[in-house]
Amino acid sequence: MSVLVVGSVAFDSIETPFGSRQDVVGGAATYFALAASCFTKVHVVGAVGEDFGPAHMQVLQRRGIDLSGLERVKGKTFRWAGRYSYDLNSRETLDTQLGVFEKFNPRIPESCLAPDLLFLGNIDPDLQWSVLQQVKRPRLVGCDTMNFWIEGKLASLKRTLSGVDTLVINDSEARELAGEANLVKAAALIRAMGPKILIVKRGEFGAAAFGSGAPFAVPALLLDTVNDPTGAGDSFAGGMMGYLAAHAGEGSIGESALRRAIAMGSVMASFTVQSFGVEGLLDLTRERIDQRYEEFRRLSHFHEA
Ligand code: AMP
């Protein structure tokens, strides 16, 4: 099964206490696509400017990602710069230059109008809605958003959420969207807005999923090197949806496949945070991924008392 992702493709400048990178290929759709491409065919819809050259395209093409929906338009590629605190838990955005992203209006190419799985990256909820209107109903629609849209476009966001199966956001966003401090209560309120499943990313503390049954939670891998958390959430979503595309089987996606997919999302995020930018995702083999999945499984495996 294939995955279609709509979102930002960017040049990022990143400063962490452990190093920095200038103008490297980033963006939410990039991290998502690189992670998902380890499992399945991925199509990217987005926009870049004239400064996004063949070498930049190669970052995605090398992994067989379909870029026929990545429009190259007159102007500059979206640019983002951020700086992290010593414990990497807080981040200051130093600069955001929308460039061609300002007028981005996603047009899904004909070849991608019937994706099996669709991920609506963190963009204007009106644009996310427009994507939902263009495609034939996918088997699973995942979605991300951020405080900016929760605060500025709540009605549009709620309309989008009515067509979403799985919302993947961080804990502060979940609390803000629900207007409720307790995550369990917040999850119930958000699920009433449309998504059958809410996945809450909790940074170095892992992730939790809330659906119709009992909640499910995983820790994050305990790594001896963490260099740059940029894109961890998008890599998590890409790993999760890519894994589902490859392994969910026929029929509705069951709870055990979803649990494994969440674990795989955590594994892919762990590769991202170990290196800078997308570097940790570039040369992964399925063998290394499966080995880390097994380490992750052992991390929190225990028996009944
Ligand atoms: P994350 O660390 O999950 O927040 O994702 C970081 C990525 O999001 C970076 O590669 C940025 O290029 C991209 N990004 C930052 N701000 C925005 C924005 N307002 N819209 C879309 N993408 C963004």
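This is a predicted model: local features need pLDDT of at least 70, side-chain atom pairs count only at pLDDT 80 or more; totals for chains, interfaces and linings use all residues.
**Entry 1: the partner of F18**

I went on to the aromatic rings and found seven aromatic pairs in the structure. One of them joins F18 and Y86: the ring centres are 6.1 Å apart and the planes meet at 50°, so I wrote the pair down as tilted.

Where do F18 and Y86 lie? F18 is in the loop between β2 and β3 (19-26), while Y86 is in the loop between β6 and β7 (91-97). The pair therefore ties together parts that are 68 residues apart in sequence. I checked the cover on Y86 too, and Y86 counts as exposed, at 68% relative accessibility.

Next I looked at F148 and W149. Their rings make an edge-to-face pair, with 4.7 Å from centre to centre and 75° between the planes.

**Entry 2: around the ligand**

How many residues surround the ligand? I got 14, and the closest are S8, D12, G27, R91 and G231. Sorted by kind, the shell has five nonpolar, six polar and three charged residues. Two strands, β2 (10-16) and β6 (78-84), each supply at least two residues of that shell.

Then I picked out some polar atoms:

- S8 has a polar side-chain atom 2.8 Å from a nitrogen atom of the ligand.
- G231 uses its backbone instead: an N or O atom there lies 2.8 Å from an oxygen atom of the ligand.
- D234 has a side-chain N or O atom 3.1 Å from an oxygen atom of the ligand.

On its own the ligand has 500 Å² of accessible area, and the protein covers 81% of that.

I went looking for disulfides and found zero. C38 counts as buried, at 12% relative accessibility.

C143 is in no disulfide either, since the nearest cysteine sulfur, again that of C112, is 19 Å off. I have C143 down as buried, with a relative accessible area of 0%.

Helix α1 (residues 28-36) is mostly covered, and I counted nine of its nine residues as buried. Among them are Y31, F32 and L34. I jotted down a reminder here: an α-helix has 3.6 residues a turn, so residues three or four places apart point the same way.

Last stop was V278, in the loop between α9 (255-274) and α10 (279-282). V278 counts as buried because its relative accessibility is 8%, which is under 20%. I also took the gap from V278 to Q61: they are 217 residues apart along the chain, and their C-alpha atoms are separated by 14 Å.

Terms used:
Residues are numbered from 1 along each chain as its sequence is written. Side-chain values use heavy atoms; hydrogens and water are left out. A residue is near a molecule or strand if one of its heavy atoms lies within 4 Å of it. A polar contact is a pair of N or O atoms within 3.5 Å; within protein, one must be able to donate a hydrogen and the other to accept it, and residues adjacent in sequence count only if both atoms are side-chain atoms. Accessible areas come from the Shrake-Rupley method with a 1.4 Å probe; for residues, only the protein chains shown count as cover. Helices (H or I, at least four residues) and strands (E, at least two) are DSSP runs, numbered from the N terminus. Ala, Val, Leu, Ile, Met, Phe, Trp, Tyr, Cys and Pro count as nonpolar, Asp, Glu, Lys and Arg as charged, and the others, Gly among them, as polar. Rings of Phe, Tyr and Trp (its six-membered ring) pair if their centres lie within 6.5 Å; planes under 30 degrees apart count as stacked, over 60 as edge-to-face and the rest as tilted. Buried means under 20% relative accessible area, exposed over 50%, partly exposed in between (1.4 Å probe, protein chains only). A disulfide is a pair of cysteine sulfur atoms within 2.5 Å.
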